[in-house]
Amino acid sequence: MAEPKTKYDRQLRIWGEQGQEALEKSSICLLNCGPTGSETLKNLVLGGVGSVTVVDGSKLELGDLGNNFMVDESSVGQSKAKTVCAFLQELNDAVKAKFIEEHPEALIESNPSFFSQFTLVVATQLVEDSMVKLDKICRDANVMLIFARSYGLTGFVRISVKEHAVIESKPDHFLDDLRLNNPWPELRRFAETIDLDVADPVVHKHTPYVIILIKMAEEWAKSHGGTLPSTREDKKEFKDLIKARMIASDEDNYKEAMEASFKVFAPRGISPSLQQIINDSSSEVNSNSSEFWVMVAALKEFIANEGGGEVPLEGSIPDMTSSTELYVTLQKIYQAKAETDFLAMEQRVKKILKRIGRDPDSISKANIKSFCKNARKVKVCRYRLIEDEFNSPVQPELQKYLTDEDYSVAVGFYILLRSADRYAANYNSFPGQFDGEMDEDISRLKTIAVALLGDLGCNGSTLTEDLINEMCRYGAAELHAVAAFVGGIASQEVIKLITKQFVPMCGTFIFNGIDHKSQLLSL
């Protein structure tokens with residue numbers, strides 16, 4: 001068998017060795033292994049999770065052959081959990097796979113402690129009542145939970161955890177941490193040794209743009225009462241001043257300086273989102289605080305002291321036109337500052353751990369270093385209990401979605417999925433599940449949907465007849481194409497939660513197969 005690092009080479013480039021290690025240590029429980037559950041777990045098994053447990057009490061029927069490629073004719077009449085589990089094991093024999101032939105709803109009722117053994121539970125195709133019960137069980141056991149469901153041409157994915165902190169959030173667009181408008185003493189002193197008016201054309205065209213911008217920003221501030229360019233006219237004038245320093249048309253370093261001039265205008269200090277995190281009550285740490293909040297507490301102290309209002313420097317610089325000597329020197333200055341900041345943070349973390357009665361070395365250097373490098377980008381996601389969302393959705397948001405043409409189908413499906421569960425609780429079948437009763441089913445579903453909207457404080461709101469008819473037409477069928485898409489989204493979110501990299505979705509993800517749209521509802 002291939003070595004894991006070779007086997008998972010592609011994904012290692014995305015979430016690194018620490019992320020892969022977290023996946024390989026994780027244990028996943030899947031509830032219901034129809035197409036939605038099977039597709040979710042397939043992606044996770046291929047990704048190299050540690051172990052999977054499939055819980056499903058049903059037997060394979062002929063109808064399952066048309067929407068789940070993990071089963072075949074020879075398996076009809078056999079345990080669905082056993083069949084799917086065997087197929088998943090074949091996909092990746094490094095993953096431990098086992099199955100339990102029991103209906104998830106019965107397990108939720110009879111053995112809630114069962115779920116505490118897992119890192120994460122993926123609950124597929126559960127109705128509202130079971131979702132609410134399982135959510136409370138997993139919260140109490142501090143087990144991460146993802147709900148996924150496909151239903152005809154619609155489906156949803158919803159994460160539920162008390163809190164999820166992300167250090168390596170990997171945002172798409174983020175400014176380099178260069179401190180061009182707030183250089184520390186060593187960087188300022190180095191910039192002062194370089195003359196932008198040097199006569200030697202070779203030296204002039206190999207001055208790195210970082211130095212050009214630091215010096216030009218200082219020049220500007222001196223002649224503008226200590227302020228930096230702020231208006232559009234100021235910024236244009238600043239660019240023109242850089243251009244005026246060029247002595248030849250082929251000076252790429254000055255072109256880079258003009259293109260990167262916006263980095264000079266970035267506000268000093270920390271962002272409002274980071275300010276919110278360090279002001280969070282959880283940053284007042286105690287002996288039960290997580291590693292993340294201990295490091296946030298240290299960061300708060302660092303910003304107020306050694307950082308002078310800034311977070312620890314990241315320490316890397318982008319590629320730029322420069323002589324090798326100047327680039328290497330610049331690189332060393334940034335790395336030295338980052339190391340100094342890290343050591344200061346490390347000392348603060350140790351002191352805080354000691355103060356709250358924990359081992360001062362219990363947070364590793366690697367974790368503190370990673371936190372320092374990503375301090376500007378840390379995120380905290382908190383999720384409401386599903387019961388709270390179901391009983392008391394955020395009224396302004398719900399009203400906005402119901403009246404917004406772009407969201408009306410997505411929120412319509414959200415209401416109708418919940419209405420279908422109420423329908424099933426009343427009539428022991430889903431709307432449209434049996435032929436010959438369509439008109440009656442449509443009428444009943446409409447009545448339930450209107451009542452649900454009323455319960456949610458949206459009296460007078462209605463859903464279109466077309467959407468209600470469409471929902472009945474689905475008859476609760478799991479279509480493979482929709483299940484594969486919903487399962488793909490669910491597995492992606494599982495990986496985000498386990499690796500603690502990238503920001504997971506906050507809200508209920510709705511797939512709208514009518515308009516081929518996917519939207520996130522924050523309720």
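Modeller: Start with one residue pair. In this predicted model, Val121 has Leu145 of strand 5 as its bridge partner.

Biologist: What makes strand 4 and strand 5 a pair?

Modeller: Pairing takes at least two bridges. Strand 4 (residues 120–124) and strand 5 (residues 144–151) have five bridges, so they pair. The sense is parallel.

Biologist: Which order do the strands of the open sheet follow?

Modeller: The order of the eight strands is 3-2-1-4-5-6-9-10, and the pairing is mixed.

Biologist: Why are strand 3 and strand 10 called edge strands?

Modeller: Strand 3 (96–100) and strand 10 (517–521) each pair on one side only. From one strand to the next, the twist averages 15 degrees.

Biologist: What lies across strand 3?

Modeller: Helix 4 (residues 80–91) lies across strand 2 (51–55) and strand 3. Its angle to strand 3 is about 175 degrees. Helix 18 (residues 408–427) lies across strands 5, 6, 9 and 10, at about 100 degrees to strand 9.

Biologist: How do you know that Cys29 is in no disulfide?

Modeller: A disulfide needs two cysteine sulfur atoms within 2.5 Å. For Cys29 the nearest cysteine sulfur belongs to Cys138, 8.4 Å away, so Cys29 is in no disulfide. The search of the whole structure finds zero disulfides.

Biologist: Why is Cys29 called buried?

Modeller: Buried means under 20% relative accessible area. Cys29 has 0% relative accessibility, so Cys29 counts as buried.

Biologist: What makes Cys458 buried?

Modeller: The relative accessible area of Cys458 is 1%, which is under 20%, so Cys458 is buried.

Terms used. Residues are numbered from 1 along each chain as its sequence is written. This is a predicted model: local features need pLDDT of at least 70, side-chain atom pairs count only at pLDDT 80 or more; totals for chains, interfaces and linings use all residues. Side-chain values use heavy atoms; hydrogens and water are left out. Helices (H or I, at least four residues) and strands (E, at least two) are DSSP runs, numbered from the N terminus. Axes are lines fitted to C-alpha atoms, for helices over the stretch in contact, and angles run from 0 to 180 degrees between N-to-C directions. Contact means heavy atoms within 4.5 Å. Buried means under 20% relative accessible area, exposed over 50%, partly exposed in between (1.4 Å probe, protein chains only).
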